[in-house]
Amino acid sequence: MSYMSMATTIPKQPRPTHPATPPPPDEDGGAVIVEKAPQKVKPPQRYQVVMLNDDYTPMEFVVVVIQEYFGKDRETATQIMLRIHLDGRGICGIYTRDVANTKVAQVLEAARQSGHPLQCVCEPAA
Ligand code: TYC
């Protein structure tokens with residue numbers, strides 16, 4: 001289990017007015033005690049962007065899209081494209097929900113502008 005730190009400051013007692021007066025040995029001089037409390041937040045659900053095969057979108061277009069929007073080098077993008085071509089679908093990347101949805105929108109818009117029927121979807125990752 002992970003923990004989050006909480007600090008509790010012990011109130012200072014009234015002190016003698018002279019600033020150079022050292023604290024008596026039985027006082028803590030305002031020490032901070034760090035306590036451990038159970039961490040309540042869990043990491044956010046991640047989402048995978050899955051690209052779908054079709055019979056019309058050119059392979060080269062898919063490779064460029066994967067490079068451009070998913071930050072893959074050409075070789076990796078080509079492998080992912082071929083996986084989609086052979087299996088019908090393939091994961092292009094895994095992100096937080098907002099980022100994944102943005103990637104989907106960007107890919108669909110790029111496909112639309114180029115007149116290709118390329119589809120991709122966002123789904124919760126395991
Ligand atoms: N099947 C397409 C072709 O033969 C290539 C392709 C690959 C299309 C991946 C979409 O997500 C895709 N031209």
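In this predicted model, helix α1 (residues 59-70) packs against helix α3 (residues 97-114) at an angle of about 145 degrees, and their axes lie 11 Å apart. Helices here are DSSP runs of H or I with at least four residues, strands are E runs of at least two, and both are numbered from the N terminus. Axes are lines fitted to C-alpha atoms, for helices over the stretch in contact, with angles from 0 to 180 degrees between N-to-C directions. On the α1 side, F61, V65, Y69 and F70 meet K103, Q106, V107, A110, A111 and S114 of α3, where contact means heavy atoms within 4.5 Å.

As for the cysteines, the disulfide count is zero, a disulfide being a pair of cysteine sulfur atoms within 2.5 Å. C92 is buried at 2% relative accessible area, while C122 is partly exposed at 24% (buried is under 20%, exposed over 50%, partly exposed in between, with a 1.4 Å probe and protein chains only).

Residues are numbered from 1 along each chain as its sequence is written. Local features need pLDDT of at least 70 and side-chain atom pairs 80 or more, while totals for chains, interfaces and linings use all residues, and side-chain values use heavy atoms, leaving out hydrogens and water.
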